[in-house]
Amino acid sequence: KQGAGTGMMDEATFLQSILNAPQDDYPRLMYADWLEEHDQYDRAELIRVQIALEEININAPNRADLEERQHDLLSGGAARRPATLPVSVQIRHTRGLPGEVSLHLDEFFADPQAIWQIGPIHALELIGTSRQDFLSGRTSGILLGDLVRLMQQFVRLPELQRLQRLSFQGLPLTDEGLTILCESPHLTQLTELRLANARVST
C-alpha cells in the first residue's frame, strides 16, 4: 500500500494532485489505493501494472506477464472513457490513466474542455480533417475555418502547459501558423512537436 487514510479524500482531489505532479508516480499509486478501497480493483491494478512496466527493463523475466495482464485489463474495461465522447476519439492509457489522445480537428474545437477533462493528457494529436471528410475519404476542404484563427484560439488554452508531445496530422500549417504556435506562453513543457503535411519553409 502506498498511502494510508486515502478514504478521507475524494476522487477529484486525487486527480488534481496527479495533474499537479504529472511525472510523479506517488499520487497515482495513492489514487490506486483509493480505487481499491472503493472496489474498483481493475482500475487500481491497471495503474500499478503500467507503472511497473515503465520501471522494469524490456528484457525483465516478468515483463511478458505484466504485458499480458495489461492487455487483459484494457480489454476488460479497466480503461474507462466518458460515455459522451465520440468513439472516433482515440485514447491511450499511460501509467494507468488517459495520457495520449488523438482526434479530428472539429471534434477538439467542438468542446476543448471535454477533451482536457478526459485525464492527465500529456500527448495530443490533432488530425486536420473533419471526421465526416475522413470517413468519406475526401482530402480536400479539410480545414474548419481559417487555420490562423484556429491556431490563435488553440495557443490561448492554458491546458497546453500539460503537453509534452503535440502532433498535427494532415494540417497544412504555414509559417504564420507555426510562429503563432511557437509563441504560445503555455507550451512550456513541450519536448516534441510533429508536423505532417505542413507548409513551412525549411
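**View 1. Contact residues of helices α1 and α2.** In this predicted model, Glu11, Phe14, Leu15, Ser17 and Ile18 of helix α1 meet Pro27, Arg28, Met30, Tyr31, Trp34 and Leu35 of helix α2. Sorted by class, the residues of the contact of α1 with α2 comprise eight nonpolar, one polar and two charged. The axes of α1 (residues 11-20) and α2 (residues 25-37) come within 9 Å and cross at roughly 160 degrees; since angles over 145 degrees count as roughly antiparallel, α1 and α2 are therefore roughly antiparallel to each other. The crossing in which α1 passes α2 is left-handed.

**View 2. Helix α2 against helix α3.** The axes of α2 and helix α3 (residues 41-55) come within 7 Å, crossing at roughly 155 degrees, and the two helices are therefore roughly antiparallel to each other. Here α2 passes α3 in a left-handed crossing. On the α2 side the contact is made by Asp25, Arg28, Leu29, Tyr31, Ala32, Asp33, Leu35 and Glu36, while α3 contributes Tyr41, Arg43, Ala44, Ile47, Arg48, Ile51 and Glu55. By class, the contact of α2 with α3 has eight nonpolar, no polar and seven charged residues. Arg28, Tyr31 and Leu35 of α2 take part in the contact with α1 and also in the contact with α3.

**View 3. The antiparallel pair β1 and β2.** Strand β1 pairs with strand β2 (residues 97-104) in the antiparallel sense, over five bridges. Within this pair, Ile91 has Val101 in β2 as its bridge partner.

**View 4. Parallel pairing on either side of β4.** Strand β3 (residues 123-127) and strand β4 (residues 165-169) run parallel and are joined by five bridges, with Phe168 in β4 as the bridge partner of Leu126. Four bridges join β4 to strand β5 (residues 192-195), and these strands likewise run parallel; in this pairing Ser167 stands opposite Arg194 in β5.

**View 5. The β-α-β unit.** Together, β4, helix α9 (residues 175-182) and β5 make a β-α-β unit that is right-handed.

How values were computed: Residues are numbered from 1 along each chain as its sequence is written. This is a predicted model: local features need pLDDT of at least 70, side-chain atom pairs count only at pLDDT 80 or more; totals for chains, interfaces and linings use all residues. Side-chain values use heavy atoms; hydrogens and water are left out. Two strands pair if DSSP finds at least two bridges between them. A crossover is right-handed if, with the strands pointing away from the viewer, the path from the first strand over the helix to the second runs clockwise. Axes are lines fitted to C-alpha atoms, for helices over the stretch in contact, and angles run from 0 to 180 degrees between N-to-C directions. Angles under 35 degrees count as roughly parallel, over 145 as roughly antiparallel, 65 to 115 as roughly perpendicular and the rest as oblique. A crossing is left-handed if the near helix is turned anticlockwise from the far one by less than a right angle, and right-handed if clockwise. Contact means heavy atoms within 4.5 Å. Ala, Val, Leu, Ile, Met, Phe, Trp, Tyr, Cys and Pro count as nonpolar, Asp, Glu, Lys and Arg as charged, and the others, Gly among them, as polar.
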